Amino acid sequence: MSIHIVALGSECPGGVGPGEEIMGQGQLQGGLLWSYLGHGALVGPCDLESSLHNPAFMEYTSRVFGDVTVVVRDCPSWDLLDSDWASVRKVLEQADILVIKYSVTDKLAFQQVRNSYAPRLRPLLRHWGVPVILVAVGARLNDEGPPCTCPLCASDWSSCVPHGEGLQLSRDLGATYLELPSLNHVFVGRYFGSVLEYFMIQCLKHKAKERPEKRRGNKVNELRPPHLEQPARLPPIRVEESSFSQDMQWLLERGVQFADVAFYAGDSGKELGWAHAAVLCAVSPYFRQLLLGPKSRERPQSRCACRERDGGPHSLLSTWDGGIIDDMPRSEGHLTGRLSRLVVKDPLLCMCLWETLMFIYRGAWEWEHLQEALEEKLKNSLAVAQLMDRVRSLIGRDRGLRDTPSARAAQLGPQTLVNLFNSPLYSDVIFMVQGSVLPAHRAVLVARCDVMAAMFSGKYAEARSRVVPIHGVSSDTFLSFLEYLYTDSCCPASVLQAMAVLVCAEMYQVKRLQHLCEVCVCAYLQSMPSRELASTGISVVRLLRRAKCHNAEQLYIWLLHFIANNYLIFSHKPDFLELSDEEREQVERLRWPSRGYLQELSEYQQRRRKLRKSRCVVM
């Protein structure tokens with residue numbers, strides 16, 4: 001018996017190690033397999049000629065277990081897969097064991113193998129069932145024992161291949177993963193040799209049980225099944241970038257009609273600007289205590305280090321005449337109703353109120369942009385530092401936490417309004433949906449949705465009414481829609497819920513939410529196994545119809561490809577006949593498996609039946 005071992009890749013950085021003898025232009029003596037086979041490895045004359053004819057391969061033989069011949073075909077250069085893929089495939093077809101090698105200090109070569117060559121080998125290896133051994137050779141810079149995956153001590157990750165990446169590649173290929181710090185007899189003999197001998201023994205047992213006529217490559221005219229190509233990739237769903245910060249900035253700049261907080265200078269009484277109490281209270285605990293304190297006399301105190309001349313605490317803001325004024329006359333363009341007047345007592349905050357409000361509205365996390373804006377306006381580093389401390393006191397943030405990742409994550413933009421979602425705090429509109437009462441805030445709705453902006457800003461009944469009925473949408477769907485407007489995220493619980501939110505998003509012209517729902521639908525369908533797709537009550541064809549009806553073009557194209565990739569499942573369902581002629585033609589063109597493959601498979605099965613009938617059966 002004989003065992004064919006095919007080795008790909010080089011265990012040396014760059015392919016050639018110092019002081020190693022090169023056979024022609026092929027593999028190096030002193031390598032992994034050569035070290036395991038020992039002095040019994042020989043290169044025959046015919047093999048040498050073939051290696052000279054094709055310098056990328058080197059073939060040598062040896063004997064193991066006494067009388068078993070081992071034929072090794074070693075190819076250290078991966079470029080052969082690009083230049084002569086047909087010859088490599090023929091060699092791999094004859095392989096009983098495949099060994100893939102790489103050097104842990106040659107990260108560029110490893111990335112090329114992982115990204116370019118491993119995806120081409122994966123389907124062949126799964127089809128043939130050849131055992132694979134993935135060997136990482138060499139010591140990393142920081143290795144003083146077992147491989148460490150801690151990111152804090154991986155100082156050589158930029159130049160060396162981490163243990164986790166090699167392990168992940170072995171999982172993708174279905175291979176056995178080994179790490180050899182060096183090619184001495186201990187690591188090669190005990191670790192690599194033990195694994196290789198195990199697979200050689202299993203291969204010999206398999207060949208002993210197998211009849212000669214069924215061995216791979218034993219007959220030249222042996223019938224082979226047709227090759228099944230992989231299904232085409234599904235088209236990606238593209239989602240626009242979030243515009244939450246820009247929407248809130250627009251609200252501050254142009255949403256004066258819905259403002260209910262006015263700021264005045266403490267020394268001159270001049271009006272400085274307008275804001276929205278809901279946004280201020282959602283972001284800042286200081287404003288929440290100031291505007292919503294249990295007693296009108298209670299006022300928050302600044303945590304700044306500034307002191308007045310008399311030594312008393314310095315208050316940044318205070319209410320006008322100690323309270324909130326209702327139905328105050330406003331300038332043109334403002335709605336009448338509840339109005340809060342705040343006096344800015346701090347001169348620095350009075351000068352840079354607009355920059356501070358812009359920082360709060362955009363999510364209270366762009367500290368670098370705030371500091372640049374203050375430096376450009378104040379031209380004084382000490383004043384900028386003092387004002388930055390006062391802004392931290394406004395949003396309830398300690399100075400010592402300003403550079404930590406947890407502090408940054410705590411103030412990310414879309415999460416600033418999460419406390420306002422479905423909350424009666426400063427709510428000025430109530431949606432009635434299927435008997436459910438859903439409070440909301442006009443300012444947020446106008447900033448986040450153009451249809452809502454037209455509805456509440458124009459001469460419609462909703463602009464003057466506090467209670468707004470919503471028809472044609474379920475309460476859960478509309479609540480998910482409002483959740484996106486407040487948090488900039490959406491996570492439907494099912495495919496049907498995602499489609500319902502998609503229809504609502506199309507109704508209110510929120511394109512990004514529509515694309516997020518498209519991604520959810522695709523993710524749910526892709527996660528279903530074939531059996532669940534065949535038995536599910538969800539009609540993919542009707543989802544296709546709804547996607548086309550509600551202008552979900554990306555989802556429509558994706559579902560056509562999804563039906564084509566699962567043609568054998570969906571073609572037997574009754575709703576498959578609901579496809580239009582154009583859609584069916586496109587599905588037939590993209591179908592997997594193709595008609596040509598099924599025809600070749602049928603012919604192959606017929607030839608096998610004829611071959612079986614023609615054989616002589618000994619009774």
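**Entry 1: a charge over a ring**

I started at Trp 85 and looked for what lies over its ring. The charged end of Arg 120 sits there, 4.6 Å from the ring centre. I keep in mind that this is a predicted model. I then looked up Arg 448 and found its charged end over the ring of Tyr 484, with 5.2 Å to the centre.

**Entry 2: aromatic pairs**

How many aromatic pairs does the structure hold? I noted 15. One of them joins Phe 263 and Phe 287. I learned that two numbers describe a pair of aromatic rings: the distance of the centres and the angle of the planes.

Where in the chain are the two partners? Phe 263 belongs to strand β7, residues 261-265, and Phe 287 to helix α10, residues 285-292. They are 24 residues apart, and the pair links distant parts of the chain.

**Entry 3: a sheet of three strands**

Next I followed an open sheet of 3 strands, in the order β13-β12-β14, with mixed pairing. Which strands stand at the edges? They are β13 (436-440) and β14 (467-469); each has a single partner strand, so one side of each has no neighbour in the sheet. From one strand to the next, the twist averages 30°.

I reminded myself that strands of a sheet pair through backbone hydrogen bonds, either parallel or antiparallel. Strand β12, residues 429-433, runs antiparallel to β13, and 5 bridges join them. I picked out Val 429, whose bridge partner in β13 is Ala 440.

What lies across β12 and β13? I found helix α18, residues 475-487, running at about 10° to β13.

**Entry 4: checking the record**

Last, I opened the UniProt entry, which is unreviewed; its annotation "domain: BTB" covers residues 259-291 and 427-488. I looked at residues 259-291 and found that the end C-alpha atoms lie 14 Å apart. This span is 42% helix and 30% strand.

How values were computed
Residues are numbered from 1 along each chain as its sequence is written. This is a predicted model: local features need pLDDT of at least 70, side-chain atom pairs count only at pLDDT 80 or more; totals for chains, interfaces and linings use all residues. Side-chain values use heavy atoms; hydrogens and water are left out. Rings of Phe, Tyr and Trp (its six-membered ring) pair if their centres lie within 6.5 Å; planes under 30 degrees apart count as stacked, over 60 as edge-to-face and the rest as tilted. Helices (H or I, at least four residues) and strands (E, at least two) are DSSP runs, numbered from the N terminus. A charge sits over a ring if NZ of Lys or CZ of Arg is within 6 Å of the ring centre and within 35 degrees of the ring normal. Two strands pair if DSSP finds at least two bridges between them. Axes are lines fitted to C-alpha atoms, for helices over the stretch in contact, and angles run from 0 to 180 degrees between N-to-C directions. Contact means heavy atoms within 4.5 Å. UniProt positions are given in the numbering used here, feature names are shortened, and annotations may be inferred rather than shown by experiment.
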